[in-house]
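Reader: I would like to learn how to read a few features of a structure. Please give the general idea of each, and then the case at hand.

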Amino acid sequence: MTIRCSDLVKTYEGGKAGWPALRGVSFEIKAGEFVAVTGHSGCGKSTLLNIIGLLDDPSGGQYEFNGRDVLSMSDQERSSARLGEIGFVFQAFHLLNRLSSIENVCLPMMYAGADAREMKARAASLLHKVGLKGKERKTPLELSGGERQRVAIARALANSPKIILADEPTGNLDSVSSREIVDMLFGLNAEGITIIMVTHDKEIAARARRNIRLRDGRLEQ
Amino acid sequence: MRALLNAVKTGFSEIWGHKTRSVLSFLAIAVGSVVFIDAFSAIFATYNRLQQQKAVSGMARLKLTQNSGLAYASTEDYTPPPPIQYEDVVNLREKMPELYMISPEVRTWHNVFEYGGRRMVTSLTGVTPEWIKRDYIYMLRGRFLDWHDVDNKLRVCVLMRKSALPPINGFYKSRMRQWNYTANFDTMVDHNDLLGKTVIIDGFTFTVIGILEELPYSKRPSTILGSNQDYKVLAPVTTLSHYGFVRPNQSLEVNIDTGNERTFEESIRRLKNFLKIRFGYEESGDEEYFIIENQLDLIKERIGDSIKASLVTISLGMLAFIAGGIGIMNVTLATVFARTKEIGIRRAIGASRGDIMLQFIVEAVMLGLIGGVLGSAIGYLWGVPVKVMVGMDASHIKPWMPLVSVFIAVMTAFVFAIYPAWVAAGLKPADALRAE
């Protein structure tokens with residue numbers, strides 16, 4: 001699993017020339033790396049993560065996801081890649097509140113067409129793995145912030161992704177929960193999953209093997 | 001298939017989670033369904049009545065009446081059309097023996113009927129034995145009029161005993177009280193066995209030789225030509241003329257059954273020829289002395305009217321469906337905007353555009369299905385038990401009508417959900433995730 005960006009540009013519409021979020025970003029991330037993407041607010045971290053996660057298109061430059069040119073991929077191919085190869089963990093958790101924890105974890109497997117019984121067994125085992133045994137039937141609204149983020153991690157792991165993209169996963173958590181979530185992500189990285197994490201936290205960034213620092217949409221090496 | 005089942009499951013939870021919104025959106029579809037079933041059943045009731053009419057009387061019927069609506073330029077020009085008299089009917093019978101029925105009829109109203117010291121108002125109809133060849137079915141006690149009665153102008157009569165009315169609502173009850181001037185006569189015949197008794201009509205004694213009992217409403221073949229003519233007392237047509245019950249110039253109405261649909265046109269031509277020779281009948285313009293009502297044309301006219309009315313109702317049903325569809329489109333669009341973030345989440349975890357489209361279409365189709373089923377149930381309840389309770393005829397609801405109605409409801413929902421579903425599927429995942 002390799003991610004290769006060269007001269008990546010993203011300009012949001014608005015105003016005469018638009019608003020540039022990324023102004024020529026180039027880097028390569030190899031399988032198994034733990035990369036922290038840091039920088040001030042508005043420097044383009046989340047935009048970069050969205051492009052890496054195939055949620056958004058770059059306005060210019062080249063992006064190769066696992067050897068495939070992303071710009072030539074169809075929507076179906078991108079959806080399949082998100083479904084099978086990428087897991088997302090968001091700052092705001094982005095769980096469906098009317099579904100239970102186990103149903104939230106089942107969702108990606110449902111889109112992958114998994115068998116209902118296998119799907120439930122795997123979701124239960126993933127919730128067990130992230131320390132939520134016995135809370136399978138609880139909805140996100142009945143869980144603490146840390147627990148919700150664990151559900152989100154379990155959901156990200158549902159289809160055994162090769163890469164997890166975490167957009168400030170500790171941003172809404174207290175220090176104890178933050179440490180637990182970060183430890184969990186490092187644990188997953190130790191299992192061979194590539195982690196790309198956007199963070200403001202210098203301590204967490206310092207623990208990462210590699211940092212990509214952005215400043216005004218450019219790389220600051 | 002699994003994706004579809006999952007979409008159905010999610011759809012249920014969405015509909016259940018937003019009950020008010022869901023009820024409002026499928027209600028309009030349900031209204032369309034009710035109107036549709038009612039209109040369809042009305043059309044089929046018309047066809048059903050036609051079939052029954054054909055089965056009972058065939059199509060080869062005519063009614064010959066004097067044309068009392070002739071227009072003249074001035075009073076000097078006025079010459080009344082010649083009346084059809086009993087001798088003309090006898091003459092016609094001799095000329096056209098092949099006709100199955102030639103039944104003359106003359107009627108008087110407000111005759112005074114006396115029996116057992118009681119006086120009441122009735123209506124008298126002069127007929128011949130051929131009257132019995134009509135399609136109207138009664139049970140006879142005693143005997144009917146025969147040619148001996150007619151030829152000898154005997155004062156004999158047959159009384160009509162009315163069957164119980166079907167349950168009717170308050171409005172009709174009050175109308176019937178107002179217009180049924182022979183109610184006392186009906187009660188008299190109902191409560192006294194008058195067979196063989198002597199009664200007095202307008203001062204003349206008559207012997208009751210038969211009682212015709214109307215069939216109960218439930219057993220009658222319904223017709224569309226007004227078979228429920230309100231006969232009270234039947235007597236020989238010659239007796240009524242002889243004793244002055246009818247004016248000498250009062251014309252007879254003649255009901256004719258040619259007996260054969262294939263020779264129907266030929267019979268009409270010969271009848272016109274007979275009238276031309278007898279009365280100088282002119283076929284064209286306003287100069288016609290007689291009106292020949294053709295049952296086939298009449299049936300076609302009635303069916304045409306009924307179908308026109310039903311088409312209007314069906315159009316209203318279709319409009320209700322379209323309104324319901326627009327309602328579903330509106331609700332689905334609102335749902336798309338309310339669930340933009342959810343769409344973003346689903347897209348982020350791997351749902352394709354097709355998955356999102358399927359999700360919204362399935363939800364809308366489920367609303368259409370619920371609306372269609374609900375509307376069909378209400379349509380059936382309205383068409384059968386409720387209508388019967390309020391004294392109307394029950395609708396002829398065939399099992400396929402609710403099915404068609406549900407199918408149209410589902411298809412309407414499907415068609416109107418395509419645009420909102422397409423909007424939902426077209427949202428960019430990153431933009432959708434940013435939605436508040």
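Author: Start with contact, which means heavy atoms within 4.5 Å. Helices (H or I, at least four residues) and strands (E, at least two) are DSSP runs, numbered from the N terminus. This is a predicted model, in which local features need pLDDT of at least 70 and side-chain atom pairs count only at pLDDT 80 or more, while totals for chains, interfaces and linings use all residues. Residues are numbered from 1 along each chain as its sequence is written, chains are lettered from A and ligands numbered from 1 in the order in which they are written, and side-chain values use heavy atoms, with hydrogens and water left out.

Reader: What does the secondary structure of chain B come to?

Author: Chain B has 13 helices and 10 strands. Of its contacts with a separation of 6 or more, 80% are between residues 24 or more positions apart.

Reader: How is burial read, and how much of chain B is buried?

Author: Buried means under 20% relative accessible area, exposed over 50%, and partly exposed in between (1.4 Å probe, protein chains only). In chain B, 45% of the 436 residues are buried. Accessible areas come from the Shrake-Rupley method with a 1.4 Å probe, and for residues only the protein chains shown count as cover. The accessible surface of chain B is about 21800 Å², and carbon and sulfur atoms hold 60% of that.

Reader: Take one helix. Which residues of α8(B) are buried?

Author: Begin with its length: the expected span of a helix is 1.5 Å times one less than its number of residues. Helix α8 of chain B, residues 264-279, has 16 residues and reaches 22 Å from its first C-alpha to its last, close to the 22 Å expected. Its buried residues are Phe264(B), Ser267(B), Ile268(B), Leu271(B), Phe274(B), Leu275(B) and Phe279(B). Seen down the helix axis, these fall within an arc of 120 degrees, so they line one face of α8(B). The arc is that of the directions from the helix axis to the C-beta atoms.

Reader: What covers that buried side, and what is on the face turned away from it?

Author: The cover includes β1 (61-66), α3 (86-95), β9 (253-257) and β10 (290-294) of chain B. The face turned away carries the exposed residues Glu265(B) and Ile277(B). After the helix comes Gly280(B), with a positive phi near 75 degrees.

Reader: Which residues have a positive phi without being glycine?

Author: Phe93(A) is one of them, with a phi of about 70 degrees. Phe93(A) sits in the loop between β6 (86-90) and α3 (101-111) of chain A and is buried, at 9% relative accessible area. Asp202(B), with phi near 50 degrees, is another case. Asp202(B) belongs to the loop between β6 (198-201) and β7 (204-214) of chain B, and is partly exposed at 35%.

Reader: Which residues make the nonpolar surface patch of about 640 Å²?

Author: Patches are made of residues with over 30% relative accessible area and no salt bridge, where like charges are joined within 9 Å and nonpolar side chains (Val, Leu, Ile, Met, Phe, Trp, Tyr) within 5 Å. Here the patch is made by Tyr380(B), Leu381(B), Trp382(B), Val386(B), Met389(B), Val390(B) and Met392(B). Val390(B) lies in the loop between α11 (353-389) and α12 (400-426) of chain B, and is partly exposed at 31%.

Definitions and conventions: Salt bridge = Lys/Arg side-chain N within 4 Å of Asp/Glu carboxyl O.
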